[in-house]
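Subject: Structure handover and notes

Hi,

Here is the structure I promised to pass on. Please open it before you read the notes.

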Amino acid sequence: MPRSQLEVNVPAWNGRRAAAALRQVKAAGRRERTPCVLCRQPIDYSLPSTDPDGCTVQHVKSRKLFPHLTWSPSNWAPAHKSCNSSAGTGENPMEPGVEFEDW
Ligand SMILES: [Zn+2]
């Protein structure tokens, strides 16, 4: 793969791709009973991702600092929606163009 593809033109985290990533993270988390990566408490994977205690995708390495890892499954981890929203990891759910509610 050309190096340039890793550094430019990273699709935004939204829409169908993000929804598919969430399904993947939830399926793996449910299977392995993975706790929240942020608060380390269990996640109820049966809750919808619109629930504050539901599962959302947390980027272990910030998308701002590591944009080329946005779509790397190894950089995804499950986190409560409420934890994800308040995480001090450089993630900003309110940044323009990122539609966290668009599941
Ligand atoms: Zn949590």
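Below are my notes, from the overall layout down to single residues.

First, a caution: this is a predicted model.

Overall layout

The protein chain has 103 residues, and 25% of them count as buried. It holds three helices and two strands. Along the sequence the order is α-α-β-β-α.

Strand 1 covers residues 55-59 and strand 2 covers 76-80. The two pair in the antiparallel sense, over five bridges. Within this pairing, Cys55 has His80 in strand 2 as its bridge partner.

Is strand 1 buried or exposed? Five of its five residues are buried, so the rest of the structure largely encloses this strand. In a regular strand, side chains alternate between the two faces of the sheet. Here, Cys55, Val57 and His59 point one way from strand 1. Thr56 and Gln58 point the other way, and all of these residues are buried.

The core

Which residues make up the largest nonpolar core? There are nine: Val25, Cys36, Val37, Ile43, Cys55, Val57, Trp76, Ala79 and Cys83. Strand 1 and strand 2 are the elements that give two or more residues to this core.

Cys83 is worth a look on screen. Leaving out residues up to four places away in sequence, Cys83 touches Cys36, Leu38 and Cys39.

Two residues of strand 2

Start with Pro78, which lies in strand 2. Pro78 counts as buried because 25 other C-beta atoms lie within 10 Å, and the cut-off is 20 or more. Pro78 touches Val25, Lys26, Gly29, Thr34, Cys36, Val37, Ile43, Cys55 and Gln58. Pro78 and Cys36 are 42 residues apart in sequence, yet their C-alpha atoms are 5.7 Å apart.

Next is His80, also found in strand 2. His80 is buried, with 27 other C-beta atoms within 10 Å. With residues up to four places away in sequence left out, His80 touches Cys36, Cys39, Ile43 and Asp53. His80 and Ile43 sit 37 residues apart along the chain, and 6.7 Å separates their C-alpha atoms.

Cys36 belongs to the core, and Cys36 is in contact with Cys83, Pro78 and His80.

Two arginines in a loop

Where is Arg33? Arg33 is in the loop between helix 2 (15-32) and strand 1. Its phi is near 50 degrees, a positive value in a residue other than glycine. Arg33 is exposed, because 9 other C-beta atoms lie within 10 Å and the cut-off is 12 or fewer.

Arg40 is found in the loop between helix 2 and strand 1. Phi of Arg40 is near 70 degrees, again positive in a residue other than glycine. Arg40 is exposed, with 8 other C-beta atoms within 10 Å.

If you look at one thing, look at the strand pair. Cys55 and His80 are bridge partners there, and Cys55 is also part of the core.

Best wishes

Note on methods:
Residues are numbered from 1 along each chain as its sequence is written. This is a predicted model: local features need pLDDT of at least 70, side-chain atom pairs count only at pLDDT 80 or more; totals for chains, interfaces and linings use all residues. A nonpolar core is a set of buried Ala, Val, Leu, Ile, Met, Phe, Trp, Tyr and Cys residues joined through C-beta atoms within 7 Å. Helices (H or I, at least four residues) and strands (E, at least two) are DSSP runs, numbered from the N terminus. Two residues are in contact if their C-beta atoms, placed from the backbone, lie within 7 Å. Two strands pair if DSSP finds at least two bridges between them.
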